[in-house]
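Subject: Structure handover

Hello,

Here is the structure I promised to pass on. Please open it alongside this note; what I found follows below.

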Amino acid sequence: MDGRDSGTRDGAVAGAHILVVDDDPRLRRLLQRYLTEQGFRISAAASAAEARQVLGFMQPDAMVLDVTMPGETGLALTRALRDEGQDLPILLLTARGEPEDRITGLEAGADDYLGKPFEPRELLLRLKAHLRRFAPPAPSENLRVVRLGGLEFDPARGLLQGPGGSVHLTGGEVALLTVLARRPNETLSREEIARVLDMEEIGERAVDVQVTRLRRRIESDPREPRFLQTVRGKGYVLKPGL
């Protein structure tokens, strides 16, 4: 368990707005119908360009995004959205489902990767898991603010702040930092982190990718980390300090 309140987590799922982006009209219609029947609100786009138009006037709670679309690919769109500060959950769909492809998707900033063909129910379960994970945790005495040099992270609000204001984190980065901040100065194995973050299927390398991304946010020199350290042969540890 990750310590989040079940009411908060369920509230993040009910009626969530999902943007489905795929150039296959049959698959778009299938997902739109199925996810609507499951209680989601759905918008659909046939390309990255159409997706950008939708994002120009509304903010979905999550995206289901095809990788191999004509023009701008799903991977390129994912990278661009992350660079622009979009932190919503992104689940990539592709006919290529090898582990290396999944790692590439994670490195681009995606939160999950589902190979085609897939069962709609599996997509549903993954979406629900990510929407719950991205929801802010319920207040708890065990979730204390941690200092990371000039930064402060509040796990209860999923908020990282510095001298210049809030520091943008994706939902995946917030989830990882929250897991580590709940147990500061304690080494957590890659296996344990993957289990808590629902990354077991992708593998422990996915944890390494998320750690690399998070270090870019919190370390002055990510190659020589002060706060998020590797414990050789054991895992990772968060060491708060000034």
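Does R147 count as buried, partly exposed or exposed? R147 counts as partly exposed, at 35% relative accessibility. Please keep in mind throughout that this is a predicted model.

**Salt bridges**

R147 has a charged partner. It forms a salt bridge with E152, with the closest N and O atoms 3.8 Å apart. E152 is partly exposed, with a relative accessible area of 35%. The whole structure holds 14 salt bridges. Side chains of opposite charge can pair when their charged atoms come close.

Two further pairs deserve a look. E122 bridges to R126, and their closest N and O atoms are 2.9 Å apart. Both sit in helix α6 (residues 120-134), four residues apart, so about one helical turn separates them. E122 is partly exposed at 30% relative accessibility. R126, in contrast, is buried, at 11%.

The other pair is E186 and R183, whose side chains meet in a salt bridge at 2.6 Å, N to O. E186 is partly exposed at 34% relative accessibility. R183 is partly exposed as well, at 29%. There is also a network: D22, D66 and K116 are joined by salt bridges that share partners.

**The sheet and its helices**

Five strands make an open sheet. The order is β2-β1-β3-β4-β5, and the pairing is parallel. β2 (41-45) and β5 (112-115) are the edge strands. Each has a single partner strand, so one side of each lacks a neighbour in the sheet. From one strand to the next, the twist averages 20°.

Inside the sheet, β3 (residues 62-66) and β4 (residues 90-94) pair in the parallel sense over four bridges. Take V64: its bridge partner in β4 is L91.

Two helices are worth checking against the sheet. Helix α2 (residues 25-37) lies across β1 (17-21), β2, β3 and β4. Its direction is at about 170° to β2. Helix α3 (residues 48-55) packs on the sheet too, touching β1, β2 and β3. The direction of α3 makes about 160° with that of β1.

**Nonpolar cores**

In soluble globular proteins, nonpolar side chains tend to be buried together. The largest nonpolar core here has 30 residues. Within it, I193, I218, L228 and L238 touch the most other members. Several elements each supply at least two residues, including α5 (99-108), β6 (146-148), β7 (151-154), α8 (190-196) and β11 (235-238). Helix α7 gives the most, with seven residues. Apart from this core lies another, of 21 residues, with V21, M58, L92 and A108 among them.

Leaving out residues up to four places away in sequence, L228 touches L180, V211, L214, R215, I218, E219, Y236, V237 and L238.

The buried residues of α9 are A206, V207, V209, Q210, V211, R213, L214, R215 and I218.

Now a residue in α7: A175. A175 is buried, at 3% relative accessibility. Residues up to four places away in sequence aside, A175 touches R133 and L197.

**Backbone points to check**

Most residues other than glycine have a negative phi, and most peptide bonds are trans. Two places call for a look on that score.

Which form does the peptide bond from K116 to P117 take? That bond is cis, with omega near -5°. P117 lies in the loop between β5 and α6.

The other place is N185. Its phi is positive, about 65°, although N185 is not a glycine. N185 sits in the loop between α7 and α8. At 55% relative accessibility, N185 counts as exposed.

Best wishes

Definitions and conventions. Residues numbered from 1 in each chain as written. Predicted model: local features only at pLDDT ≥ 70, side-chain atom pairs only at ≥ 80, totals over all residues. Heavy atoms only, no water. Salt bridge = Lys/Arg side-chain N within 4 Å of Asp/Glu carboxyl O. Buried < 20%, exposed > 50% of the residue type's maximum accessible area, 1.4 Å probe, protein only. Core = buried A, V, L, I, M, F, W, Y, C linked by side-chain atoms within 4.5 Å. Contact = heavy atoms within 4.5 Å. Pairing = 2+ DSSP bridges. Axes fitted to C-alpha atoms, helices over the stretch in contact; angles between N-to-C directions.
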